[in-house]
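Colleague: I'm new to reading models like this one. Please take me through it feature by feature.

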Amino acid sequence: MSKSKGNVINPMDLVTKYGSDAFRLGILRGRSAGMNQAFSENSVIAGRNLCNKLWNISRFIHSMVDENPSDGEYTTENMGEDWICREINACLGQIDASVKDYRFAEACEALYQTIWDKYADWFLESQKIFKNIPLLKRTLETLLIALHPFAPFVTETIWQNLTWTEGFIATAEWPARLEYDPIS
């Protein structure tokens, strides 16, 4: 952005219109280190859409937990459940490596793709049939904690509304890798 070019935006206008988490995600997503890139309001809209998607995911899982409460450790019972565990583990590994190298945009992009393209589009659809409640709870918690540094307000609000979580997400430990038993 440049005042002389007249392409300066007021961030408070976008925060008011879309929310602070959407603005954070919009600033981070699609940015490469060391490259000058034009800012687009569409990236903030995509951030807002991810926040809405996450809210709807949590409502869906919460309704399944209310219908069929199940405590205890999760297990994987089919290849789709093994697959999502591998994908979330790969995402956590990419986040760790990206953050270590101060590549926050890459960490944010990995989370965006995992939540939107893998978790919501594929895994949750399969869980409408299989309903592995302990795994649903654990995967949602993992994704919320991983996204929290990038979207702290929506993740904390969701965390506080889940009946099985305690405390604040800000004080939760970074998630351990998900264990699964590969099905041959």
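Colleague: Let's begin with glutamate 125: is this residue buried, exposed or partly exposed?

Modeller: Look at relative accessible area, found with a 1.4 Å probe and protein chains only: under 20% is buried, over 50% is exposed, and in between is partly exposed. Glutamate 125 comes out at 41%, so it counts as partly exposed. One thing before we go on: this is a predicted model, where local features need pLDDT of at least 70, side-chain atom pairs count only at pLDDT 80 or more, and totals for chains, interfaces and linings use all residues. Residues are numbered from 1 along each chain as its sequence is written, and side-chain values use heavy atoms, with hydrogens and water left out.

Colleague: Which residue does glutamate 125 form a salt bridge with?

Modeller: A salt bridge here means a side-chain nitrogen of Lys or Arg within 4 Å of a carboxyl oxygen of Asp or Glu. For glutamate 125 the partner is lysine 128, with the closest N and O atoms 3.1 Å apart. Both sit in helix α5, three residues apart, which is about one turn of the helix. Lysine 128 is partly exposed too, at 43%.

Colleague: How do I read a label like α5?

Modeller: Helices (H or I, at least four residues) and strands (E, at least two) are DSSP runs, numbered from the N terminus. Helix α5 covers residues 104-130.

Colleague: How many salt bridges does the count come to?

Modeller: There are seven salt bridges by that rule. One of them joins glutamate 87 and lysine 118, at 2.9 Å from N to O. That pair links distant parts of the chain: glutamate 87 belongs to helix α4 (residues 79-100) and lysine 118 to helix α5, 31 residues apart. Lysine 118 is partly exposed at 26%.

Colleague: And which residue is the salt-bridge partner of glutamate 41?

Modeller: Glutamate 41 meets lysine 17, with 3.3 Å between the closest N and O atoms. Lysine 17 is exposed at 57%, whereas glutamate 41 is partly exposed at 32%.

Colleague: What about rings: how many aromatic pairs does the search find?

Modeller: Rings of Phe, Tyr and Trp (its six-membered ring) pair if their centres lie within 6.5 Å; planes under 30 degrees apart are stacked, over 60 edge-to-face, and the rest tilted. The whole structure has three such pairs. One of them, tyrosine 112 with tryptophan 116, is stacked, at 5.8 Å centre to centre and 5° between the planes. They are four residues apart in helix α5, so about one helical turn separates them. Tyrosine 112 is buried at 11%, while tryptophan 116 is partly exposed at 22%.

Colleague: Which residue lies over the face of tryptophan 116?

Modeller: A charge sits over a ring if NZ of Lys or CZ of Arg is within 6 Å of the ring centre and within 35 degrees of the ring normal. Over tryptophan 116 you'll find lysine 53, at 4.6 Å from the ring centre. Our friend lysine 128 is over a ring as well: it lies 5.9 Å from the ring centre of phenylalanine 60.

Colleague: Last one: what is the mean pLDDT of the chain?

Modeller: pLDDT is the predictor's confidence in each residue, from 0 to 100. The chain averages 92, and 93% of the residues score at least 70.
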